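Hi,

Here is the structure I promised to send over.

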Amino acid sequence: MNYAEIKKTDVANGQGVRVSLFVSGCTHHCRGCFNSETWDFAYGTEFTKETCQELLGFLEPEYIAGLTLLGGEPFEPSNQRALISFLKNVKETYPCKTIWCYTGYLLDRDLWRESRARCEVTDEMLSMIDVLVDGEFIKEQRNISLRFRGSQNQRIIDVPESIRQGSVCLLKGQN
C-alpha cells in the first residue's frame, strides 16, 4: 500500500488533535473529490514498517486524541490488508486513543454485507474503529458548514455501538 500524506496535527478530520494518514487508492472516483490524486493506488510513498513506527511516535503525545484514516479509500480490500496489523499495534499501544475512518462505502450496505469492499479482514478492521464517516462525497450535497464531513449524505457513525446493536448508530451530537 502507498500513502499520500501524513498530518501530525490535524483538527479537521475528527474530534480533538489527531494524526491523519491519507492512504492511496480509491475506486469511487467521486465527482468533486478534494483529493483525486489519491485515486491512484501507486500514488505517494510506500507504507512500510518504518512508516508504522513513525506514526506510533506521532501518536504518543498526550494532546493527540487519536488516529484518522482517510484517502483515497481505507476500505479498498488491498488497503484493509495493509492497515490491519498497524491498527492492531495502535490499539495495543494506545488503547485510550480513538480511531476515526473516512470511507465512501456504507457500513450497512457495503461493509457488513457481501460487496467489493468486504474481505477477510473487514470485520476485524471495523472492530478497531471508533468512528466511521461513511458515504461517497456527493458534490450536489456539498455543505461547508458540516463538521467532519463534506456532503449532507455522509454519516458519522459510532462503530462499537453499531456493532453491539447490529444496526447503524450515529455518533451523538455530531449528525
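F86 has a relative accessibility of 2%, so this residue counts as buried. Please keep in mind that the model is predicted. Leaving aside residues up to four places away in sequence, F86 touches F47, C52, L55, L56 and L67.

F47 is buried too, because its relative accessibility of 11% is under the 20% cut-off. A search of the whole structure turns up three aromatic pairs. In one of them, the ring centres of F47 and F86 are 5.6 Å apart and the planes stand at 75 degrees, which means an edge-to-face pair. Distant parts of the chain are linked here: F47 sits in the loop between β3 (45–46) and α1, F86 in helix α2, 39 residues apart. Ring pairs join Y3, F47 and F86 into a cluster.

W100 and F148 also pair edge-to-face, because their planes are at 70 degrees, with ring centres 5.2 Å apart. W100 belongs to strand β5 and F148 to the loop between β6 (131–134) and β7 (155–158), so the pair ties together parts 48 residues apart in sequence. Both W100 and F148 are buried.

Now for the core. The largest nonpolar core has 35 residues, and L21, L67, F75, L83, F86, L87 and L132 have the most contacts inside it. Its largest share, five residues, comes from α2. Apart from this core lies another, of nine residues, including L70, V133, F148 and L171.

Finally, the largest pocket has a volume of about 690 Å³. Of its 31 lining residues, F34, Y102, F137, G150 and Q154 are the closest to the centre. The lining divides into 13 nonpolar, 13 polar and five charged residues.

Best wishes

Definitions and conventions. Residues numbered from 1 in each chain as written. Predicted model: local features only at pLDDT ≥ 70, side-chain atom pairs only at ≥ 80, totals over all residues. Heavy atoms only, no water. Core = buried A, V, L, I, M, F, W, Y, C linked by side-chain atoms within 4.5 Å. Buried < 20%, exposed > 50% of the residue type's maximum accessible area, 1.4 Å probe, protein only. Helix = DSSP H or I, 4+ residues; strand = E, 2+ residues; numbered from the N terminus. Contact = heavy atoms within 4.5 Å. 1 Å grid on protein atoms, 1.4 Å probe; cavity = no way out; pocket = protein on both sides within 12 Å on 5 of 7 lines; lining within 4 Å. Points joined across faces, edges and corners; volume = space filled by probe spheres on them. Nonpolar A, V, L, I, M, F, W, Y, C, P; charged D, E, K, R; others polar. Phe/Tyr/Trp six-rings, centres within 6.5 Å; stacked < 30°, edge-to-face > 60°.
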